[in-house]
Amino acid sequence: MDGSIHLLPDVAHNNIERQRNLELDGLRVIRFTNDQIFNKLNKVLEQITTQIKGSPFRGRGGLAKRIIPCLDVKDGRTVKGVNFVDLRDAGDPVELAWNYSRQGADELVFLDITATVERRKTMVELVKAVARQINIPFTIGGGINEIADADALLNAGADKISINSAAVRNPALIDELAKAFGVQFVVIAVDTRSIGDKNIVHLNGGRLPTERETLEWIMEAESRGAGEILLTSMDHDGTKAGFDNKLLKIVNDAVHIPVIASGGAGSVQHFVDVFEKTNIDAALAASVFHYGEILIPDLKAVLKSNNIEVRI
């Protein structure tokens with residue numbers, strides 16, 4: 001951070017906000033001046049090495065676990081159903097986003113659950129409206145089929161983009177997005193359901209089964225440049241019976257990127273269980289947050305009392 005421009009109040013404020021958002025995203029920030037970089041590089045490298053040595057980047061005892069409200073959006077409104085059907089209105093997404101930001105949510109995920117089915121592009125205007133209201137990272141997904149779609153959403157203010165059906169149909173899209181924007185911007189959403197004794201990837205909001213086994217597909221996605229996995233168990237989604245801890249542990253143990261648990265949250269204990277039993281990096285839920293059944297400050301207090309590291 002060098003040059004007089006960084007002394008300007010607006011620039012200094014933006015630098016602080018940017019650092020905060022990077023840290024919320026699990027990145028550690030160390031600041032250096034140009035003089036240090038160019039003339040004292042050995043000391044710079046020593047400081048970086050000291051900061052990262054012995055620091056577990058994933059799992060318990062490392063980065064704080066993240067609590068992520070998910071807003072499924074249809075026709076500009078937040079909706080929620082059971083197993084992706086029987087949808088009911090849950091409120092205005094911009095208002096909910098602002099409320100979650102104030103409550104202490106670590107991130108938000110917006111999924112346009114009709115975009116892929118109806119083949120329409122995602123919600124650039126909604127992204128702009130949300131970006132004006134909140135200062136926590138948020139991910140946008142739904143109908144992203146090419147670089148131009150992702151570029152429009154990131155430029156509108158989204159921090160990350162999530163792809164699902166498009167990635168399964170065209171796995172090379174993951175490589176293209178990671179190369180264009182960086183792996184940290186690419187979240188691969190996976191909808192899975194048990195069929196017989198196998199977990200099978202489903203497309204189009206869970207309507208269309210594929211021939212891909214879930215773990216196999218997730219490991220391929222990681223190898224192609226996925227920066228994060230959002231894993232939704234459709235057998236658990238909307239049931240409030242708890243997360244699919246067995247599958248989540250298998251996946252989390254197999255990959256080296258963060259895994260977000262989704263589908264089944266119904267109580268505070270379910271969040272305690274998923275972190276303790278699977279060691280995943282983040283847990284996502286929708287209706288329990290939208291309808292006030294679980295308040296994020298209360299949830300985090302219980303997690304902390306169970307020695308689960310969270311950002312308060």
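Colleague: How much accessible area does the nonpolar patch on the surface have?
Modeller: Patches take residues with over 30% relative accessible area and no salt bridge, joining like charges within 9 Å and nonpolar side chains (Val, Leu, Ile, Met, Phe, Trp, Tyr) within 5 Å. A salt bridge here is a side-chain nitrogen of Lys or Arg within 4 Å of a carboxyl oxygen of Asp or Glu. Accessible areas come from the Shrake-Rupley method with a 1.4 Å probe, and for residues only the protein chains shown count as cover. Ile-37, Phe-38, Leu-41, Leu-45 and Ile-48 make up this patch, and their accessible area together is about 460 Å².

Colleague: Before we go on, what pLDDT do side-chain atom pairs need to count?
Modeller: Residues are numbered from 1 along each chain as its sequence is written, and side-chain values use heavy atoms, with hydrogens and water left out. This is a predicted model, where totals for chains, interfaces and linings use all residues, local features need pLDDT of at least 70, and side-chain atom pairs count only at pLDDT 80 or more.

Colleague: Which element gives the most to the nonpolar patch?
Modeller: Elements are DSSP runs numbered from the N terminus: helices (H or I, at least four residues) and strands (E, at least two). Those giving two or more residues to the nonpolar patch are α2 (34–39) and α3 (41–52). With three residues, the top contributor is α3.

Colleague: Is Leu-41 buried, exposed or partly exposed?
Modeller: Leu-41 sits in helix α3. Buried means under 20% relative accessible area and exposed over 50%, with partly exposed in between (1.4 Å probe, protein chains only). The value for Leu-41 is 42%, so Leu-41 counts as partly exposed.

Colleague: Which Trp does Ile-188 touch?
Modeller: Contact means heavy atoms within 4.5 Å. Leaving aside residues up to four places away in sequence, Ile-188 touches residues including Ile-163, Ala-167, Glu-228 and Leu-230.

Colleague: Why is the pair of Tyr-100 and Phe-289 edge-to-face, and how far apart in sequence are the parts tied together?
Modeller: Rings of Phe, Tyr and Trp (its six-membered ring) pair if their centres lie within 6.5 Å; planes under 30 degrees apart count as stacked, over 60 as edge-to-face and the rest as tilted. Of the four aromatic pairs found in the whole structure, this one has centres 6.3 Å apart and planes at 65°, so it is edge-to-face. Tyr-100 is buried at 1% relative accessible area, and Phe-289 is buried at 4%. Tyr-100 lies in helix α4 (residues 93–103) and Phe-289 in helix α13 (residues 287–290), so the parts tied together are apart in sequence by 189 residues.

Colleague: And what is the angle between the planes of Phe-110 and Phe-138?
Modeller: Phe-110 in strand β4 (residues 108–112) and Phe-138 in strand β5 (residues 138–141) are 28 residues apart. Phe-110 is buried at 1% relative accessibility, and Phe-138 at 2%. The pair is edge-to-face, 5.7 Å centre to centre, and the angle between the planes is 80°.
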